Amino acid sequence: MNRNAQQSGTGSFTGQRFSRKPRKSVLFTDTLARRLITASGIGSIIAVSLVGLFLVWVVLPLFTPTGLEEVSESVQSTGAASADSAVPSMVHQAMDDYGSLVWSLHADGTILVHEVDGGKLLARRIVRPGVSVTAVKASGHQGRVLLGYADGTMQTVKVGFDVSYHNDSDLPDTFASLSVGERASHEQGLVERTPEHQLRLSRLTIQADEPVSLGTDPIVLIDGSETSGGLVVAALDAAGVLFDRQLRWRKNLLTGELRVRSTGSDLRLEDLRASRGTPVALVLNDAGDRLLLAEIDGTTSVLRRDGEGEYAAVAAVDLVPDPNAKLTALAFIAGRVSLAVGDDQGGLSVWFPVRETPTSQPRLQRVHELDEHHGVVTALASSGRSRLLLAGYRDGKIRLYHVTSHRFLGEADLEQGPIVAAAISPREDLILAANRERNALFHLDAPHPDISFSALLRPVWYEGYPGPVYAWQSSAATDTFEPKLSLVPLIYGTLKATFYSMLFGLPLALLAALYTSEFLHRRTRSRIKPVIETMASLPSVVLGFLAALVMAPFVERVLVQVLAVLFCAPFFLLLGAHLWQMLPRRSLTRLEPWRPLAVLIALVAGMWCSWQWAGPLEQIGFAGDVKLWLDGQIGSGITGWFVLLLAPAALLVGWWNTIQGEVLIRGRGPGWIRWQLGMLDLGRFLASTAATIVLALFAAWMLSSSGWDPRGSMMDTYVQRNALVVGFAMGFAVIPIIYSIAEDALSAVPDHLRAASLGAGATPWQTAFKVVVPPAMSGLFSAGMIGLGRAVGETMIVLMAAGNTPIMEMNIFNGFRTLSANLAVELPEAVQNSTHYRTLFLAALTLFIMTFLLNTIAEVVRQHFRRKSSQL
Amino acid sequence: MTANEAKETQMAETKTMDRLASIAAGEIVETRIHPELAEEESILDISDFNLWYGEKQALFDVSMTLPRGKVTALIGPSGCGKSTLLRSVNRMNDLIDTVRIDGSMNLGEGNIYGPGVDVIELRRRMGMVFQKSNPFPMSIFDNVTYPLQINGERNKSVLRDVCEKALRGAALWDEVSDRLQESALGMSGGQQQRLCIARAIAAEPEVLLMDEPCSALDPIATTRVEELILSLRGEYTVLIVTHNMQQASRVSDYTAFMYLGQVLEYGPTARMFTNPLLQETEDYITGRFG
Ligand SMILES: Nc1ncnc2c1ncn2[C@@H]1O[C@H](COP(=O)(O)OP(=O)(O)OP(=O)(O)O)[C@@H](O)[C@H]1O
Ligand SMILES: [Mg+2]
């Protein structure tokens with residue numbers, strides 16, 4: 001080497017020569033590292049984007065437009081179709097569960113059965129030949145048909161589908177060649193090969209009961225409703241007699257024959273209602289306790305029917321308020337509670353009874369205005385399992401709506417003649433619409449008709465509610481249940497949880513960070529910081545568990561004490577500080593190491609006092625029982641306002657104090673000795689406390705005497721698992737992360753700034769607030785945002801401690817349901833690809849966007865802060 | 001140089017080298033204080049002051065007085081404890097956890113390290129300029145008036161007045177008078193340092209402590225600051241640390257020479273630079289070691 005250096009002849013400090021070119025291995029490692037880092041960086045970006053994309057991909061079908069497409073030109077003829085004789089106009093039709101058979105009811109009582117595909121006539125039945133039918137009604141989706149005859153009798157017919165499964169050997173050989181999904185007709189029914197390779201035989205069963213004699217005049221209107229007490233039937237004859245009948249079936253044990261028994265009374269219509277017009281429609285509601293008689297101009301009398309069959313007029317409504325319009329279609333939609341009304345001006349609305357107050361009588365109200373001016377509505381059909389409503393028009397158009405979400409789903413045109421009857425198949429995949437010539441079949445693809453942006457984010461008026469509400473209720477026991485899928489209560493719950501936990505956690509975390517970075521010895525700081533950061537590793541399920549099972553019951557028991565501690569502890573701390581500064585300076589330096597102990601003593605004293613005073617405080621402030629007081633049953637709102645206003649009042653007084661009070665002290669400055677100044681300061685503090693209390697009391701009195709009560713908004717009925725408890729527990733969860741980032745931000749402020757400030761004679765407190773915090777502000781802000789992001793996404797704590805009721809209340813003493821907890825609760829039981837499932841994914845997407853936004857804002861601010869702090 | 005002279009010099013050199021070696025070995029030598037200092041009215045009395053950073057002692061039995069209204073320079077090789085001594089005067093060393101002290105410093109009548117001393121008040125009586133400029137990330141105006149603002153001064157006209165006077169004093173007024181509300185971080189390094197000087201003199205301190213205030217400045221700015229220090233003489237007592245011998249000779253009335261935590265010689269600048277009592281001082285000033 002040495003020789004080398006000499007040979008080269010150039011100067012060398014170390015006597016060695018090094019190659020200027022980097023070694024191969026260095027280059028290799030460098031390239032490898034760069035590739036690896038790039039790959040994993042891009043990989044993680046892709047992973048996150050994929051999560052987002054997947055969520056979007058699952059959610060998107062919620063908003064795809066509906067498909068409504070005509071399948072085959074002419075399914076069946078409806079008018080003069082059947083070879084032998086003309087059949088009068090169709091009044092009703094319905095499909096079987098498999099969308100393979102359709103039966104139609106005609107004005108003369110004829111029932112026809114067709115194959116859906118191809119429209120082949122399979123069966124034809126006239127229930128009671130020879131007597132002319134004068135009133136026809138197919139009521140509900142159970143296949144009950146009511147017929148009224150010219151001779152004043154009525155008859156009930158039950159139309160149903162009989163389905164049986166067979167092996168190839170059971171049926172004629174002709175069906176053996178059927179492949180899966182293929183159909184063939186057989187004995188007035190239809191055979192189809194199921195995916196399990198069986199043969200499914202569907203047949204229409206028509207079971208007609210014996211006629212019931214009502215009067216002598218022709219029956220003109222008839223309707224019935226299945227109730228627990230039997231079938232309630234209301235029929236009106238041409239002479240204006242209203243027949244009320246309750247039908248029960250009894251099986252003859254010997255013959256196996258079903259015999260119908262009817263009881264009831266005959267009433268004269270003019271005794272029952274004020275209006276004298278001729279009714280054109282008669283409907284009976286689901287419970288059989290309301291009878292509606294509508295006239296052509298929409299005037300409708302509502303009659304109440306009690307258990308004994310007595311009728312009384314309760315109200316008159318105008319279903320068609322437009323004076324020029326005439327009522328042309330009236331039908332119940334699923335559940336027989338909501339009434340769809342169509343008129344000849346194209347108005348289409350849905351009505352249901354609404355109770356304005358929980359005790360008042362329900363009143364029929366126009367709730368949904370679906371459409372205007374699309375011609376004369378001639379037929380209405382609804383789905384048996386959802387709020388789909390199909391309207392047929394005189395010009396041959398059909399239009400499909402979802403009632404609750406007000407969503408217009410699509411339209412189609414049959415071109416000739418008015419639509420007389422329409423049907424939506426039970427699976428909501430087929431639609432039949434008939435005019436006088438033909439019955440057209442449409443494919444319907446509307447998997448999520450009840451979802452729209454306004455349904456998700458705006459108040460929706462659900463059946464039975466007094467008004468539009470934000471509600472989340474995804475499932476219930478009954479079939480006719482309307483899922484309520486508003487995201488707003490969940491977003492509200494998320495924000496509520498976040499708000500209360502930040503209210504508790506943010507100040508604590510920030511002040512702790514300030515304290516450790518500015519006031520603690522470096523050595524202590526280096527020990528405390530990791531301890532607080534380990535708090536973050538406490539599983540949130542443990543926190544949630546503690547909150548729900550330990551803290552919630554405890555806080556419920558000692559609510560007054562907890563409220564009192566919130567104010568007593570700071571008071572005692574400040575009192576202690578004021579007393580401390582009155583100590584002579586000499587003992588102060590000696591006692592300095594014991595200061596944390598003094599702080600602890602002050603805290604304990606504050607807690608002890610609040611425990612001691614809780615009883616009297618409850619007596620004075622909350623009329624002896626805080627729970628009843630919160631319920632609003634006893635006491636006045638003044639204490640509530642007082643509790644709410646105490647903190648703002650303290651801030652106000654404190655602010656005034658720094659502006660004015662300090663001058664007072666400084667004026668005394670020279671000449672006074674230490675303990676005198678201390679006394680003065682103590683006096684000032686006590687006076688400020690008194691002023692705070694007086695101010696808060698006065699404001700509380702003002703507010704409550706002007707009639708406002710905080711109960712009902714910020715505080716209300718106490719529920720054990722509530723926002724206060726969640727605030728405490730989740731505050732704990734967010735403290736470590738906020739603390740850690742905030743402490744870093746504060747420590748990043750260079751020491752020479754602190755030195756400059758202290759050197760200029762500033763106190764550590766002034767230094768902290770004037771010099772350290774401003775440049776760290778953006779770091780503190782981003783700490784808050786990241787804490788916010790954590791609180792928004794937190795699941796276990798809220799799941800366990802928030803009660804999970806999706807209500808929207810500001811009340812700190814009530815629970816809520818967050819987006820995240822909702823996902824945890826409902827996603828496991830949601831049927832894949834159902835509306836519910838996709839809506840849950842939408843909730844997840846919302847959560848994703850919320851946390852993404854929060855973290856992005858935090859990061860942008862942080863970058864900005866980094867650029868700024870590099871100048872320091 | 002004759003052979004004789006050369007030999008004398010060499011002997012003297014070996015002698016100083018011996019002394020320096022023995023100081024390095026831990027010998028405590030007595031400070032040579034020139035008699036002129038006894039005639040000055042002192043504002044700060046340092047006696048037998050020792051300071052430790054943990055186990056390591058940084059100042060050894062420092063005893064000196066600071067004459068009121070005069071500029072005193074602290075010179076000495078790097079790491080000899082000049083900054084430490086300067087920081088001890090306004091107790092900035094308190095910020096370092098490991099620091100322990102012994103001995104006393106008296107400002108007026110009160111002991112700076114006495115038990116009942118209000119450190120905040122003490123620091124308000126002194127202004128400090130650091131080696132590295134450290135303006136706050138605030139406006140120029142807020143920077144200069146910071147010492148007054150933390151003292152509760154809210155009267156805008158007083159603040160404006162003081163700001164102008166201090167900036168003029170620091171020879172900065174003409175450059176920044178039209179952008180007082182702009183951030184101080186947008187100024188040049190030299191301007192920032194002068195801003196810190198303005199901030200230090202804004203509160204009218206009794207003693208101004210300057211730790212190598214010109215080390216980051218260009219010659220023109222250095223001249224400005226030196227002019228400022230000269231103009232402060234009489235009104236303020238200034239203690240300045242510098243590595244620049246010319247600067248010490250230009251601005252200071254008295255000079256103290258420190259070596260390894262001890263003050264070896266302390267006297268009028270003119271004497272120190274022309275005719276010091278100690279050979280070591282002369283050697284250091286002339287650049288023979290350091
Ligand atoms: N914070 C500290 N902790 C431990 N030792 C320190 C600390 N600050 C200074 N010292 C030591 O004290 C001695 C004196 O340092 P000081 O900064 O006072 O030197 P100085 O004379 O100002 O040097 P310079 O001219 O290079 O600024 C040095 O040996 C240094 O290592
Ligand atoms: Mg130094």
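**Pairing, packing and burial in a predicted model**

Author: In this predicted model, Thr72(B) has Leu239(B) as its bridge partner in β9(B).

Reader: What makes strands β4 and β9 of chain B a pair?

Author: Pairing requires at least two bridges between the strands. Four bridges join β4 (residues 71–75) of chain B to β9 (residues 237–241) of chain B, so the two strands pair. Their directions are parallel.

Reader: In which sheet do these strands lie, and what makes a strand an edge strand there?

Author: Both belong to an open sheet of seven strands in chain B, in the order β1-β11-β10-β4-β9-β8-β7, with mixed pairing. An edge strand pairs on one side only, as do β1 (32–33) and β7 (126–129) of chain B. Helix α3 (residues 82–89) of chain B packs on this sheet and touches β4, β7, β8 (207–211), β9 and β10 (254–259) of chain B. The direction of this helix makes about 155° with that of β8(B).

Reader: Why is Gln766(A) called buried?

Author: The cut-off for burial is under 20% relative accessible area. Gln766(A) has 18% and is therefore buried. This residue is found in helix α16 of chain A. Leaving aside neighbours within four places in sequence, Gln766(A) is in contact with Val771(A), Arg124(B), Tyr146(B) and Ile150(B). A polar atom of the Gln766(A) side chain lies 3.0 Å from the backbone nitrogen of Thr763(A).

Reader: How do α5 and α16 of chain A cross, and which residues meet?

Author: The axes of α5 (residues 488–518) and α16 (residues 764–793) of chain A come within 9 Å and cross at roughly 145°. The crossing of α5(A) and α16(A) is right-handed. Among the residues that meet are Thr494(A), Met502(A) and Glu518(A) from α5(A), and Trp765(A), Val772(A) and Gly784(A) from α16(A). The residues of this contact divide into 13 nonpolar, five polar and one charged.

Reader: How do you know whether Asn804(A) and Leu260(B) are buried or partly exposed?

Author: Asn804(A) has a relative accessible area of 15%, under the 20% cut-off, and so is buried. Leu260(B), at 36%, falls between 20% and 50% and therefore counts as partly exposed. Asn804(A) lies in the loop between α17 (796–801) and α18 (819–826) of chain A, whereas Leu260(B) is placed in the loop between β10 and β11 (262–268) of chain B.

Reader: What is the phi value of each of Asn804(A) and Leu260(B)?

Author: Phi is near 60° for Asn804(A) and near 45° for Leu260(B). Most residues other than glycine have a negative phi. Asn804(A) has a positive value without being glycine, and Leu260(B) likewise has a positive value without being glycine.

Definitions and conventions:
Residues numbered from 1 in each chain as written. Chains lettered and ligands numbered in written order. Predicted model: local features only at pLDDT ≥ 70, side-chain atom pairs only at ≥ 80, totals over all residues. Heavy atoms only, no water. Axes fitted to C-alpha atoms, helices over the stretch in contact; angles between N-to-C directions. Left-handed = near helix turned anticlockwise from the far one by under 90°. Contact = heavy atoms within 4.5 Å. Nonpolar A, V, L, I, M, F, W, Y, C, P; charged D, E, K, R; others polar. Buried < 20%, exposed > 50% of the residue type's maximum accessible area, 1.4 Å probe, protein only. Polar contact = N/O pair within 3.5 Å; in protein donor to acceptor, adjacent residues only side chain to side chain.
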